[in-house]
Amino acid sequence: MVATPAWPPKSLPRLYVDQALSAGASLTVDGTYLGAVLRLGPGDRVKVFDDVSGEWLAEIAEAGKKRVTLIVRERLREREAVPDLWLLFAPVKRGRIDWLVEKATELGVHRLQPVITARTIVERMNLERLRAHAIEAAEQCERTALPELAEPQKLGAVLKSWPQDRALWFADEAGGDPFRPEPGPAAILIGPEGGFTDEERAAIRALPQARAVSLGPRILRADTAALAAVALWMASAGDWE
Ligand code: SAM
């Protein structure tokens with residue numbers, strides 16, 4: 001069956017709410033977008049999702065510029081099954097990291113894991129801002145599940161506790177096999193702007209679950225490499241069928 005594109009939408013506004021949803025529930029949300037920007041009023045309909053119970057149709061009961069009250073009517077969709085792909089990436093500069101989180105969310109990544117490597121220059125990240133980008137992307141692309149956004153971890157710790165059953169596709173700018181994703185739990189690891197050190201490369205390659213892969217003959221920026229690899233994985237082992 002041909003998938004129906006979700007964008008550009010003729011559809012109703014969509015909103016993530018941090019509150020469990022059920023038929024008949026009433027909830028109050030910030031009015032900036034629905035009330036002040038879209039100027040919706042009583043009787044207008046919106047879609048809401050809570051990352052737990054799927055997507056629901058809701059009707060505006062009261063609307064103001066500061067607050068909008070919604071009544072949840074009926075469930076439109078169950079929460080989706082998210083492809084089991086983690087994206088591990090060394091944090092890059094603001095702007096690029098925002099873009100990376102937004103696009104990885106659109107592409108359907110399950111978990112975003114920042115990894116601190118020897119040459120990582122950006123060590124402090126605003127996870128709240130990144131979460132806001134993930135939510136906005138999920139609202140726009142019709143996801144019913146948010147990606148997990150994990151606390152940054154050092155590469156050594158990540159490798160030490162790596163799950164037995166999860167493949168680690170290690171994008172190695174120094175060369176590797178062509179990337180041919182296989183089904184099953186997986187993760188993609190992308191290095192920082194300065195690349196991996198030889199010691200890191202050896203430690204990653206020593207992990208039995210790791211496979212060093214090439215993303216072609218050109219050196220890609222870290223954010224480009226991440227999205228190229230995720231797209232490739234989604235197309236052959238994810239949910240693009
Ligand atoms: N400074 C490094 C160099 O000049 O070799 C380049 C690092 S690159 C900007 C950032 C990360 O993107 C790399 O660590 C790697 O994970 C990934 N990457 C970029 N191009 C790649 C390629 N052609 N094959 C595999 N991985 C690549």
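Start with helix α3, residues 127-141: this helix lies across β1 and β3 and runs at about 145° to β1. Keep in mind that the model is predicted.

Now select the strands β1 to β5. They form an open sheet of five strands, in the order β1-β3-β4-β5-β2. The pairing is mixed. Go to the edges next. These are β1 (14-16) and β2 (26-30), and each pairs on one side only. Then look along the sheet: from one strand to the next, the twist averages 40°.

Zoom in on β3, residues 45-49, together with β4, residues 55-63. The two strands pair in the antiparallel sense, over five bridges. For a landmark here, pick V46: opposite this residue stands A58 in β4.

**Helix α5**

Move on to α5, residues 198-206. Which residues of this helix are buried? Select E200, R201 and I204. Turn the view to look down the helix axis. The buried residues of α5 fall within an arc of 100°, so they line one face of the helix. An α-helix has 3.6 residues a turn, so residues three or four places apart point the same way.

**What covers α5**

What covers the buried residues of α5? The cover includes the helix α4 (155-160). It also includes three strands to select in turn: β10 (167-171), β12 (186-190) and β13 (210-214).

Notes
Residues numbered from 1 in each chain as written. Predicted model: local features only at pLDDT ≥ 70, side-chain atom pairs only at ≥ 80, totals over all residues. Heavy atoms only, no water. Buried < 20%, exposed > 50% of the residue type's maximum accessible area, 1.4 Å probe, protein only. Helix = DSSP H or I, 4+ residues; strand = E, 2+ residues; numbered from the N terminus. Arc of directions from axis to C-beta. Contact = heavy atoms within 4.5 Å. Pairing = 2+ DSSP bridges. Axes fitted to C-alpha atoms, helices over the stretch in contact; angles between N-to-C directions.
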